Amino acid sequence: MGTDREGRAAGGGVRSGRAKTGGADTDRGGVGRAARTAVLLGCGLALLTACGAMPVSGDVKAVDASQAGDAQVQVYAVPPREGALPSEVIDGFLESMTSDDPDFRTTRKYLTKEAARAWLPSRRTTVLEKAPNRTGPSLQDSESRSTETTYTLTGRRVAEVDAQSSYRPTVPTDYAQTLHLVREKGADGKEEWRIGAVPDGLVLGQSDFTRLYRSVNTYYFTTGTAGAGGGPTLVADPVYVRNRTDPVTRMDTTAQAIRTLLDGPTEWLRPVAATRFPTGTALRKGVTALAPDDQDVLTVPLDAKAAKIGRGVCRMMAAQVLFTLRDLTSARVDQVDLESTGGTLCSLASDEAQEYAPGDGSGGPDSQYFVDDQGLVERIAGGTAGSGDPEPVAGPLGDGAVKLGTVGVARDESRAAGVSADGARLYVASVEEDSELGVPLVKSAAAAPEDRLSAPSWDDRGDLWVADRDPAGPRLLRLVGGTGKPREVRVAGLHGERVEALRTAADGVRIALLLEKDGRTTLQIGRIERTGSGEDEVVSVRDLRQAAPQLTEVTAMSWSGRSRLVVVGKEEGGVQQVRYVEADGSTSSSGVLPGVNQVQTIAAADDELLPLMADTEDDGIVKLSPGDNWQTVLKEGASLVYPG
């Protein structure tokens with residue numbers, strides 16, 4: 001209930017809680033607040049603070065989190081003081097979990113001997129909106145005379161990270177966990193309060209989770225039907241690793257990322273992706289740090305499981321490592337050498353790895369396309385960063401043969417799919433040469449335009465996707481090669497929702513869906529699974545995962561780069577915002593983009609250096625270049641898209 005806490009330092013004295021961040025003192029709650037031990041790396045500042053706290057009556061206590069998201073602040077664990085009360089033991093245990101305590105040895109001192117041996121902190125991480133509250137007995141004489149007591153941790157759960165380091169966001173829900181404390185004799189024969197049983201894993205507030213962990217894309221090869229390039233492509237699989245040394249493995253961030261890569265795809269991605277590393281391959285025993293040498297070459301020592309692999313497979317393994325490290329290490333990595341027993345297995349340079357590059361659309365200029373106020377498809381040529389003069393595309397979609405409302409352009413930019421202005425019919429035609437407008441490939445029988453066809457999207461195989469939103473029978477449809485008969489795609493896990501909008505990812509295995517039910521629209525990411533081939537191929541969307549669940553209303557989205565989306569939506573009672581969402585559904589405060597009013601649609605390219613484009617109600621089509629503010633491109637026009 002917001003009452004103050006008294007902090008005791010390791011020596012027993014009371015210290016006020018301050019953490020110095022970014023060169024300025026930030027009061028951690030003033031006199032009476034529990035302090036924490038923190039150090040600002042690079043500045044050599046260490047402040048000793050308490051883990052234990054003396055409670056007062058009224059006993060709802062929040063264990064203060066660190067400054068939000070500051071990865072430079074390091075917290076040191078402090079063991080329980082002699083004679084600590086149960087409430088102090090609970091507080092100390094929770095605060096110690098937010099530290100970099102090696103193997104959580106100090107953290108385990110708050111547990112009974114049996115509980116300390118059994119506890120597995122790396123099993124999972126529960127992420128709460130804020131640091132957990134604890135509720136329990138008020139400070140009374142009976143508390144000190146009893147032999148056991150119980151406290152409850154409460155909060156609002158927003159995500160969980162599993163043993164594979166895979167992040168799973170959830171709609172904020174109530175969290176409650178009971179901790180039972182008993183008296184246990186120590187080595188000196190004195191009885192001390194200790195936690196007798198604790199669930200495996202860590203419980204962290206969002207700010208501490210952001211400070212301690214970072215998102216990393218590990219890369220695996222797609223399985224099943226080949227992509228447009230004729231072979232398997234790399235797909236990003238986001239995971240979370242510790243920002244600094246992992247307390248359990250003692251590995252630095254790079255070694256953690258490679259260790260996680262070697263473990264194989266996460267459970268969610270595994271049905272459509274696989275590693276080229278032999279099953280069970282691990283880093284050589286004792287390897288806890290990896291860094292490139294002065295020639296920008298990173299050597300990765302593997303155990304004997306990799307000793308007999310062939311050169312071709314080895315190069316694919318090295319490509320997985322190179323792309324995993326590309327966004328992770330501050331130091332440049334130009335080459336990866338894989339070693340095992342017997343010496344070097346293979347080497348792969350960055351330029352050689354491009355043959356295995358993740359799906360990135362056509363690899364062409366990524367022009368921008370939109371529907372003008374006459375219903376014609378126009379193009380702003382690629383390479384102009386949205387600043388070129390628009391011109392109608394060739395063919396019937398650009399000459400007025402039909403008035404269009406939305407458009408989707410194939411990734412090779414040779415064809416486009418247009419939905420008529422009334423939303424009832426879908427056409428496909430060349431945008432490179434003149435031709436006749438063919439018959440509509442899809443028709444919707446819905447009475448109202450808003451219940452008819454969605455904007456179309458093309459996948460990496462050249463197939464066309466569109467949703468018919470007819471309330472009498474909503475369907476997600478796929479047209480093989482953009483010309484075939486529409487085939488319904490089953491979306492597993494729907495319970496009355498209908499697909500309002502969709503975008504397929506460049507990797508060919510993920511699809512983003514806006515699902516509407518009871519007037520509320522949410523963003524879900526599904527896995528595209530394919531069985532069979534040719535005419536017998538069956539495609540389905542499975543294992544939907546809600547992305548950005550804190551947004552109670554999502555109105556527009558687009559894939560941006562290899563593993564994230566740009567999303568337009570609102571939080572409960574908030575205003576419209578534009579933000580990035582990772583492919584695993586995680587978000588961060590740094591992902592919020594400059595505000596822009598009344599966005600109708602938004603478009604991003606596979607190349608993240610190209611500007612974001614948005615269609616707004618009042619300002620027309622606007623763009624946001626990296627490091628810049630929104631600028632108006634065209635006053636008229638709608639349904640702006642990049643290829644895909």
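**Notebook: strands and rings**

I began with the strands and found that strand β9 (residues 125-128) and strand β11 (residues 148-161) pair in the antiparallel sense over four bridges. I noted that helices (H or I, at least four residues) and strands (E, at least two) are DSSP runs numbered from the N terminus, and that two strands pair if DSSP finds at least two bridges between them. The model is a predicted one, in which local features need pLDDT of at least 70 and side-chain atom pairs count only at pLDDT 80 or more, while totals for chains, interfaces and linings use all residues. Residues are numbered from 1 along each chain as its sequence is written, and side-chain values use heavy atoms, with hydrogens and water left out.

**Around β11**

I looked up Thr126 and saw that it stands opposite Glu160 in β11; Glu160 in turn stands opposite Arg168 in β12. Strand β10 (residues 133-135) is joined to β11 by three bridges, and these two run antiparallel, with Thr135 having Thr152 in β11 as its bridge partner. I then followed β11 into β12, where the two pair in the antiparallel sense over 13 bridges. Their hairpin has five residues between the strands, and there Ser165 takes a positive phi near 70°.

**Aromatic rings**

Next I turned to the rings, and I found eight aromatic pairs in the structure. Rings of Phe, Tyr and Trp (its six-membered ring) pair if their centres lie within 6.5 Å; planes under 30 degrees apart count as stacked, over 60 as edge-to-face and the rest as tilted.

Because Tyr240 lies in strand β16 (residues 234-242) and Tyr167 in β12, the pair ties together parts that are 73 residues apart in sequence.

Are these residues buried or exposed? Tyr167 is buried, with a relative accessible area of 7%, and Tyr240 counts as buried at 10% (buried means under 20% relative accessible area, exposed over 50%, partly exposed in between, with a 1.4 Å probe and protein chains only). Finally, I recorded that ring pairs link Tyr167, Phe209, Tyr213 and Tyr240 into a cluster.
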